Amino acid sequence: MRAFGTDFAVPPGYLNTPSVGIPPAPVAADVAESVERWRVGATRPGEFDQYVERARAGFARLVGVEAGDVAIGASVSQLVANVAAALPGGTRVLAAEGDFTSVTFPFAANPGVTVTEVPLELLPERVEGHDVVAVSVVQSADGRIVDLPALRAAAEAAGAAVLLDATQAVGWLPLDVAWADWVAGAGYKWLCSPRGGAWLAVRPDARERTRPVAANWYAGEDPWATVYGLPLRLAGDARAFDLSPVWLAQVGSAAALEYFAGLDLAQVKAHNVGLADLLLEKLGLPPRGSAIVSLDADPERAAAAGIVSSVRGGRLRVGFHLYNTADDVERVLRAFE
């Protein structure tokens, strides 16, 4: 099908973007071409640098920061570890109950850190008395969205640092989160990229509070000049936290993130949320304003109806993206008639 100016080979009833996004045809074609070059021995390591920088710039645009403030990685947990490992003993971290563990586990793994969970809706009012707040912008399990303006105000009043995981938001929700100390995100969901690409925006004044736990040759000012030998010589910006890139993931991410950065995300949000709230309305439920819907429904019945979804927290989770239509809404409704 064609949607938002590009083509997708998405099957009817595919509502599993919160787990795996379907790539636009040009993204899949770029990865396939790179695989073919690899297959015939035409690949050269340096050729992937351009893809890394294109993807880095795309993520920067999507979250409202400069490209030099973005580090590349392979997963959110790996990037969050750069923040969590740097926290001194006695640090108090506030998190949302039931958040995705790639956000919370890196902090809980630091023995000197205390992590306190509270309901998402109460997060802003509980910031006082904590040093760091770590939370997903959109909750993976059910699509609830954190109150970002309230969180920002509360954190600034309390002098608390903020780490946001934008994985379930970036690609459909317009974001302007340059105020946060750190913003992480993976590309294989709403950014429709291959798994293995993730990014961490580090506010310049937060760099000294971030530890390069996987310091490596690619994190150098000129990676090709830091392949051998000491002393440690890392880049002077957020690239100091780079992980050596997953090549094929970066090839696909370059095309995908440029595509998404060029979209009107307000239109994408209106499309996605419009379908999600239409489903809720037809089920007699109140709108939630999110692209992710969590339902008390039988997953086996949904699968039998040709719906591709996931089960999270004991409930059926569906997500609506660029390539979904009202026909997908009707398919869900027919499954539960």
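Serine 34 is buried, because its relative accessible area is 6% (buried means under 20% relative accessible area, exposed over 50% and partly exposed in between, with a 1.4 Å probe and protein chains only). The residue belongs to helix 1, which covers residues 25–39; helices (H or I, at least four residues) and strands (E, at least two) are DSSP runs numbered from the N terminus. Not counting residues up to four places away in sequence, serine 34 touches Thr43, Phe48, Leu248 and Val251, where contact means heavy atoms within 4.5 Å.

The model is a predicted one, in which local features need pLDDT of at least 70 and side-chain atom pairs count only at pLDDT 80 or more, while totals for chains, interfaces and linings use all residues. Residues are numbered from 1 along each chain as its sequence is written, and side-chain values use heavy atoms, with hydrogens and water left out.

Helix 6 comprises residues 247–261. Of its 15 residues, 12 are buried, among them Val251, Ser253, Leu257, Tyr259 and Phe260. The end C-alpha atoms of helix 6 are 21 Å apart, which agrees with the span of 21 Å that its 15 residues should have at 1.5 Å a residue; the expected span is 1.5 Å times one less than the number of residues.

Most residues other than glycine have a negative phi, and most peptide bonds are trans. A cis peptide bond, with omega of about 10°, joins leucine 230 and proline 231; proline 231 lies in the loop between strand 9 (198–202) and helix 6. Cysteine 192 is not a glycine, yet has a positive phi of about 55°. Cysteine 192 sits in the loop between strand 8 (182–186) and strand 9, and it counts as buried because its relative accessibility is 1%. Phenylalanine 4 likewise has a positive phi, of about 50°, and is found in the loop between strand 1 (2–3) and strand 2 (6–7). With 27% relative accessibility, phenylalanine 4 counts as partly exposed.

Phenylalanine 336 follows helix 9 (326–335) and is partly exposed, with a relative accessible area of 24%. Leaving aside neighbours within four places in sequence, phenylalanine 336 is in contact with Ala297, Asp298, Arg301, Ala302 and Leu316.

On a 1 Å grid over the protein atoms alone, a cavity is a set of points where a 1.4 Å probe fits but cannot get out, and a pocket is an open set with protein on both sides within 12 Å along at least five of seven lines; lining residues have an atom within 4 Å of a point. The largest pocket is lined by 18 residues, of which Val76, Phe100, Ser102, Ala186 and Tyr188 lie nearest its centre. The second largest pocket has 13 lining residues, and the closest to its centre are Pro12, Gly13, Thr325, Asp327 and Asp328. The residues that line the largest cavity include Gln78, Asn82, Pro212, Phe241 and Asp242.
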